Amino acid sequence: MSTRVLPDFEILVPQSKEEALKLLSQYQGDAAILAGGTDLLVQMKGQLKCNCKGENAFGYLLSLAEVPGLDYVEYDETEGLRIGAMATLSQVAAHPVVKENYPGLLESVGVCGTKQTRNMGTVVGNLLNASPCADCGCAILAWGGTLTLEGTAGRREVDVDDFYLGYRLTARKTDELAVELKLPPKSDGTVSAHHKMTRVEHDLSKITVSVRLEMSGTTCKSARIAMASVAPTIVRLKETEKLLAGVEITDQILESVAKSASSEVTPIDDVRSTAEYRRDVAGVMVKRIIQKVCKS
Amino acid sequence: MSELKIVGKSVPKVDAKIKVTGRAMYADDIHMPNALHGKIVRCMQYAHARVIKLDISRAQKMPGVVKILVPEDIEKYNTYNTGVMDLFAPDELNAVWGEIGEEPIFTKHVKHQGDALCGIIAKTEAEAEAAAEMVDVEYEPLPVYLTTEEASHPDAVQFTPEKPGNVAYRVPGGLFPEGFYGYGDIDKGFAESDLIYEEDYYVPKQKHCQMEPHSYIAQFDDQDRLNVWTSSQMPKPVQTKLHKLFGLPMSRIKVNQTVIGGGFGTRLGLIGEPYVCAMALAVPGRAIKLNYTREEDWVASETRHSGRFKLKMGFKKDGTPVVYDGYMSFEKGGYYTHGGVVWVSGILARGAYKFENFRFDGDAIFTNKVPCGAFRGYGNPQQALCMEQLIQRMCTDTGIDTIEWHKKWHREAGGDPWGFGVPTMNCGADEVLDRGVESFGWHEKKEINANQSGPKRRGTGMMLGVHCSAGFPVLLEHTVATVTLNEDATAIINCSISDLGCGNHTAITQIAAEALGFSMDDVFLNWGDSDANAFDIGAHASRTIWTAGRAVKEACEDAMKQVYAKAAKFLKVDPAELVMEDKKIFTKEAPDQIVDLKELLWKGIYAFMSPEDFQFKFDRGQIIGKASFMPFANNPGWYACFVEVEVDTETGELKVLECTYVNDIGQAINPAAVEGQLEGGIQQGLGFSLTEEMYYDENGLILNNSFTDYKMFGPTDMPKCDIQLVTTEEQYGPYGARGVGEAGLCAPGPAVGNAIFDAIGIQFNEAPFTPEKILKAIKGKGLFPDKRA
């Protein structure tokens with residue numbers, strides 16, 4: 001049974017990143033990290049599993065609210081886009097370079113939650129929540145990038161491709177804080193887009209597709225295709241991507257791409273849709289989104 | 001009728017400010033000193049089980065726990081049902097269809113997920129919740145029946161001995177001379193038909209999704225009065241039902257109705273009142289607050305009746321409707337709740353078209369789902385969704401123009417549409433259809449959509465319908481209103497009228513102000529106070545304006561009659577000659593001989609003899625007008641709905657592009673409120689047909705019990721809505737108004753179904769029409785399968 005009353009918890013409010021890491025190494029999986037809280041608080045009231053793994057899952061909340069220097073969105077042409085752990089979805093959407101160079105990401109942020117939750121929720125949090133129907137997670141996976149994880153033992157970078165280990169499981173260790181997401185810059189022929197299918201406008205994804213193609217004229221040099229709500233994690237369709245590498249985009253290619261996408265996904269039945277439907281439309285969605293980016 | 005000054009104007013809602021500022025007092029906003037908190041312990045893991053052992057020993061030791069109520073504690077009270085048929089229909093009829101009140105406050109036989117087992121009373125809500133977790137229950141699981149077929153199997157576990165075969169309700173056909181509800185000869189009708197259409201439909205289990213979760217306070221005070229604060233939409237029947245349940249005299253029960261955060265039927269009758277009152281009676285003197293979580297609302301408060309509808313109709317080649325034969329079988333859920341929803345489906349179907357022969361039968365079978373109860377439309381959305389689609393199939397097959405068919409075969413004024421001996425006085429169906437066709441651009445759109453290609457296909461669809469303005473003649477109709485004229489020539493109306501958010505309090509205030517000749521500011525409606533308010537049924541059946549509006553109007557007229565009598569005596573004229581303008585009373589013949597209303601009322605109360613002649617200037621006494629109004633008519637409004645949809649044939653996705661809705665409501669008391677009411681209905685009607693359905697797993701546990709998992713149409717999903725109010729003559733309703741509360745919901749479903757049919761040539765017999773079903777059908781059958789073959 002869900003509750004109107006939040007379960008008892010102790011809130012930890014570190015004043016610096018170092019303090020946050022120290023607390024994290026002390027509490028490990030018993031501390032849930034609170035950034036925007038838009039997923040976490042719902043999980044607490046619904047008594048669901050949360051983004052930490054400990055037995056006493058909601059015993060401690062480690063708030064990042066007062067850790068300075070995490071709420072940035074920065075861009076330079078070599079490194080690309082750097083999104084700090086506390087940068088909100090609204091903040092990322094408002095960044096001029098995101099609008100200019102990362103249209104897929106922009107679209108995914110725009111359909112993530114509602115205006116109110118986008119003002120609270122963070123892009124990095126969306127990745128960490130590890131939902132198989134994640135909105136920006138899907139666009140980020142299609143784009144490619146690295147997540148910087150920091151612990152008392154040091155700092156490491158994990159490719160987003162290696163970040164998801166299973167249903168709601170990530171490569172983040174319990175004493176690590178995801179401090180930054182890096183998305184490499186676009187190249188000359190880079191195009192990207194995102195499309196989320198829902199039951200009604202404000203809804204979780206029924207099925208979502210994100211693509212990033214490197215185009216040279218009508219020829220696709222390489223492709224990254226990610227989908228959400230079709231597997232235990234957000235996934236890339238690597239077999240389907242191969243069909244696009246180095247070929248000219250024709251109707252014929254798109255038909256085989258669509259067929260491949262439908263067979264590559266492994267969806268399930270749930271309250272939002274059926275496995276059969278998701279499989280059927282996966283191909284249509286991939287085909288349509290490629291048509292769309294090729295037109296633009 | 002003289003020119004109306006306030007009625008017919010879109011004045012701002014009287015409660016707009018308190019709601020916009022957030023200062024409206026919902027039940028949860030009321031904080032009583034030292035209040036305790038209740039929590040109902042519910043069975044969440046089984047949909048059907050017997051409780052073998054209920055052990056509260058661990059829970060009793062939890063901090064803050066004051067008392068725990070178990071089934072044995074409430075045995076001294078009666079059982080009940082949540083509905084109000086026991087009050088709204090005569091005992092003889094209730095006996096015919098077997099009205100029962102089988103529901104105990106706490107049960108040992110769990111009949112649906114969320115059934116109540118016991119109740120915790122603790123110092124805080126958190127402590128009550130924590131203790132609820134510590135109640136240890138052992139169950140004997142029973143077979144779970146999710147369909148009417150499973151539940152009515154001869155070997156099925158019986159839900160209650162009073163209802164053999166688990167048949168909770170059966171349409172009382174035996175009451176009627178033909179032995180069934182209807183008329184004519186059904187077999188002969190089919191024999192004489194050229195065209196026979198039949199389909200087996202499923203209509204979904206829709207949840208009200210009212211914004212305010214159920215919340216209550218109760219206190220058994222030191223004068224031995226049971227006070228309860230509730231946002232019930234039927235406060236007076238709740239008072240009566242609590243009287244029957246707890247055996248307390250009605251003089252010892254006070255129902256304080258709080259601001260209602262949406263109702264739509266979910267607050268019809270009893271919901272959480274029995275629990276909170278039982279808790280209050282267990283700790284005399286202490287106030288108890290009981291809040292439902294949204295999930296509890298989902299698992300334990302009623303839904304629309306879902307089920308199957310076997311419908312068969314016969315027509316002549318020219319479309320003449322020869323015979324209608326329908327059997328609706330509703331999934332009742334775990335408890336009896338309301339008797340007659342299935343029958344109302346038939347009553348409203350019968351009222352629509354001139355079938356030469358008509359039979360409607362149906363039942364409601366217990367199942368292990370959340371009980372079904374009242375929901376805006378009360379059986380009409382379900383039947384209309386099916387009937388209008390089957391009529392469209394006939395029209396499409398034969399090439400008969402659907403608009404012309406509807407125009408030709410709808411019922412007219414007069415007659416006895418429902419079979420209860422009460423004729424209707426008017427019918428605006430033709431005007432409604434004409435206005436809709438024009439405003440929507442029906443013929444133009446048909447032309448534009450005639451030759452489409454590509455993956456996205458547009459289609460248009462329409463429906464015609466009729467609802468009601470009240471429960472009469474099927475159910476009791478009664479409202480009592482009093483109007484007290486204050487000494488400063490302002491007025492207090494006392495009437496237990498519920499406003500579910502649709503503007504009834506505003507419209508009633510407008511009616512009162514109009515009838516009194518006062519400004520809106522001079523009139524205040526005192527509602528929600530069962531001591532001060534006399535009987536009113538509550539808000540249901542689109543009846544508030546029809547019945548309560550007339551009651552308030554007549555009470556005001558009664559007050560003004562007393563005013564004129566006093567003034568006439570003073571002016572020595574015939575009261576019939578008097579008029580009032582700006583609170584000055586005079587005759588047209590002698591306009592300079594004026595009685596000031598304020599002086600007349602003031603001196604009726606502060607009545608002193610004149611020191612000069614020891615006389616009183618006016619008759620002494622305060623004026624209180626009264627009406628106890630029971631209508632003897634029910635003139636329904638006709639409505640038509642036109643929609644255009646776009647179907648993505650590769651994904652099955654559907655967009656509702658436009659919706660034109662036309663209703664002959666007579667005179668709108670407050671047109672803006674009526675439009676808002678209708679748009680809200682359309683929103684729920686679109687959800688009913690396109691997205692809303694409660695899903696269960698095979699164990700009878702609800703899969704979508706939150707707004708995350710259950711999706712209704714939101715504001716951004718709404719199509720462009722064009723609401724057209726057709727003003728037709730209305731002889732009976734107050735200032736010519738008819739009821740309009742439910743019609744909006746009944747309309748869009750079948751219109752959308754018909755638009756899908758127009759777009760892709762496929763009809764669907766199971767709502768909601770989801771992209772999953774649409775795509776599957778297209779893949780299986782292809783577009784326009786009938787034409788292709």
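Predicted model: local features only at pLDDT ≥ 70, side-chain atom pairs only at ≥ 80, totals over all residues.
**View 1. Helix 11 of chain A packs against helix 22 of chain B.** As for handedness, helix 11 of chain A makes a left-handed crossing with helix 22 of chain B.

**View 2. Zooming in on who meets whom between helix 11 of chain A and helix 22 of chain B.** From helix 11 of chain A come A:Glu276, A:Tyr277, A:Asp280 and A:Val281. Helix 22 of chain B answers with B:Pro771, B:Glu772, B:Leu775, B:Lys776 and B:Lys779. Sort this contact by class and you get five charged residues, four nonpolar and no polar ones.

**View 3. An open, three-stranded antiparallel sheet in chain B.** The strands of chain B line up in the order 21-22-23. Strand 21 (578-581) and strand 23 (595-596) of chain B each have a single partner strand, so one side of each has no neighbour in the sheet. Strand 21 of chain B pairs with strand 22 (residues 584-587) of chain B through four bridges, in the antiparallel sense. For a landmark, look for B:Leu578, which stands opposite B:Thr587 in strand 22 of chain B.

**View 4. Helix 17 of chain B lies across the strands.** This helix, residues 544-571 of chain B, lies across strand 21, strand 22 and strand 23 of chain B. Relative to strand 21 of chain B, helix 17 of chain B runs at about 110°.

Notes:
Residues numbered from 1 in each chain as written. Chains lettered and ligands numbered in written order. Heavy atoms only, no water. Axes fitted to C-alpha atoms, helices over the stretch in contact; angles between N-to-C directions. Helix = DSSP H or I, 4+ residues; strand = E, 2+ residues; numbered from the N terminus. Left-handed = near helix turned anticlockwise from the far one by under 90°. Contact = heavy atoms within 4.5 Å. Nonpolar A, V, L, I, M, F, W, Y, C, P; charged D, E, K, R; others polar. Pairing = 2+ DSSP bridges.
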